[in-house]
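Biologist: I would like to go through the terms used for this model and see what each one rests on. Please set each value against its definition.

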Amino acid sequence: MNKRRDLSVEEKLDVLKKYDELPKTSQRQAACKLNVSQSLLGRMLKSRQEIENASLENVNSNRERKRVGKEEEVEEDLKQWFTKVRQKDVRVTGPLLRQKAEDLEKKIGKDNFVATEGWFHRWKKRENISFVKPHGEQGEANHVAARLWIHSEWPSVIAKYPPSCVFNADETGLYFRALPEHTYAFKNEKTRGTKTSKERLTILCCASMDGEKRKLLVIGKSKNPRCFKGVKNLPVDYTANSNAWMIKEIFTEWLIK
């Protein structure tokens with residue numbers, strides 16, 4: 001006798017579809033042809049509407065049983081909150097969801113709940129939630145050419161200098177008003193990109209081969225931002241131009257300094 005196992009939503013839908021295609025016959029004969037027990041087929045036919053609704057909603061079609069966590073109330077509240085914010089296309093990250101779960105738990109009078117990484121992983125799986133990027137990926141850098149240059153040219157360039165005199169500097173943009181690129185969303189949810197804020201700062205990072213880190217150079221648009229009012233010492237070097245870009249004059253001044 002085969003060991004009894006539960007069928008997933010997807011498997012139940014497949015059985016029901018095949019049942020509809022069978023010629024008119026008894027439920028017992030149909031169960032034999034579909035390789036399921038008569039009692040299971042009967043239960044599926046009675047709960048057919050529920051099974052079909054589950055396939056249309058955000059339910060993991062490979063899940064066999066509806067499982068809930070130990071904190072069922074807070075998990076349901078978190079799902080409702082998540083559904084509302086995703087309807088507004090708000091970007092939602094893992095730390096935000098975990099913090100929200102703990103806040104919701106406190107609202108219902110419980111203070112001993114901790115939204116651990118393990119709990120969060122299980123909750124995502126139960127609710128069919130994944131981490132996605134709403135818009136297309138950018139092209140990758142030419143790593144092959146970079147590795148070739150490192151092996152063929154770089155050794156001769158640094159041969160005359162000690163590690164403490166060899167520095168690497170690179171600039172990056174900080175879009176301080178931009179929303180996160182990725183968001184948690186239901187797996188069957190259609191995500192769409194949003195217009196990204198272009199307000200940015202340029203930051204130059206520099207370090208030597210032996211690990212010495214130079215102070216960051218930050219380039220903004222305003223020479224005297226309001227947020228600097230009352231600040232006597234900055235942990236970075238700050239300068240400005242109309243586009244917040246690195247230009248020849250700024251780089252030369254920084255290099256000589």
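Biologist: Why is Arg 86 called buried?

Modeller: Buried means under 20% relative accessible area, exposed over 50%, and partly exposed in between, with a 1.4 Å probe and protein chains only. Arg 86 has a relative accessible area of 4%, so Arg 86 counts as buried. This is a predicted model, in which local features need pLDDT of at least 70, side-chain atom pairs count only at pLDDT 80 or more, and totals for chains, interfaces and linings use all residues. Residues are numbered from 1 along each chain as its sequence is written, and side-chain values use heavy atoms, with hydrogens and water left out.

Biologist: Where is the place of Arg 86?

Modeller: Arg 86 belongs to helix H5, residues 72-87. Helices (H or I, at least four residues) and strands (E, at least two) are DSSP runs, numbered from the N terminus. The protein comes to 10 helices and six strands by that count.

Biologist: What lies 2.6 Å from a polar atom of the side chain of Arg 86?

Modeller: The backbone oxygen of Val 90 does. A polar contact is a pair of N or O atoms within 3.5 Å; within protein, one must be able to donate a hydrogen and the other to accept it, and residues adjacent in sequence count only if both atoms are side-chain atoms.

Biologist: Which residues is Arg 86 in contact with, leaving aside its neighbours within four places in sequence?

Modeller: Contact means heavy atoms within 4.5 Å. Arg 86 is in contact with Arg 91, Val 92, Thr 183, Tyr 184, Ala 185, Glu 189 and Thr 191.

Biologist: How do you know that the buried residues of H5 line one face of the helix?

Modeller: The buried residues are Val 74, Glu 75, Leu 78, Phe 82, Val 85 and Arg 86. Seen down the axis of H5, they fall within an arc of 100°, so they line one face. The arc is that of the directions from the helix axis to the C-beta atoms. An α-helix has 3.6 residues a turn, so residues three or four places apart point the same way. The face of H5 turned away from the buried side carries the exposed residues Lys 84 and Gln 87.

Biologist: What do the buried residues of H5 pack against?

Modeller: They pack against H6, helix H7 (117-127), strand E1 (129-132) and strand E3 (183-186). The axes of H5 and H7 come within 12 Å and cross at roughly 65°. Axes are lines fitted to C-alpha atoms, for helices over the stretch in contact, and angles run from 0 to 180 degrees between N-to-C directions. Glu 75, Leu 78 and Lys 79 of H5 make the contact with Trp 119, Trp 123, Arg 126 and Glu 127 of H7.

Biologist: What makes the span of H6 agree with its 14 residues?

Modeller: The expected span of a helix is 1.5 Å times one less than its number of residues. For H6 that should be 20 Å, and the end C-alpha atoms are 20 Å apart, which agrees. In H6, Gly 94, Leu 97, Lys 100, Ala 101, Leu 104 and Glu 105 are buried. Those buried residues fall within an arc of 140° seen down the axis, so they line one face of H6. H5, H7 and E3 are among what covers them.
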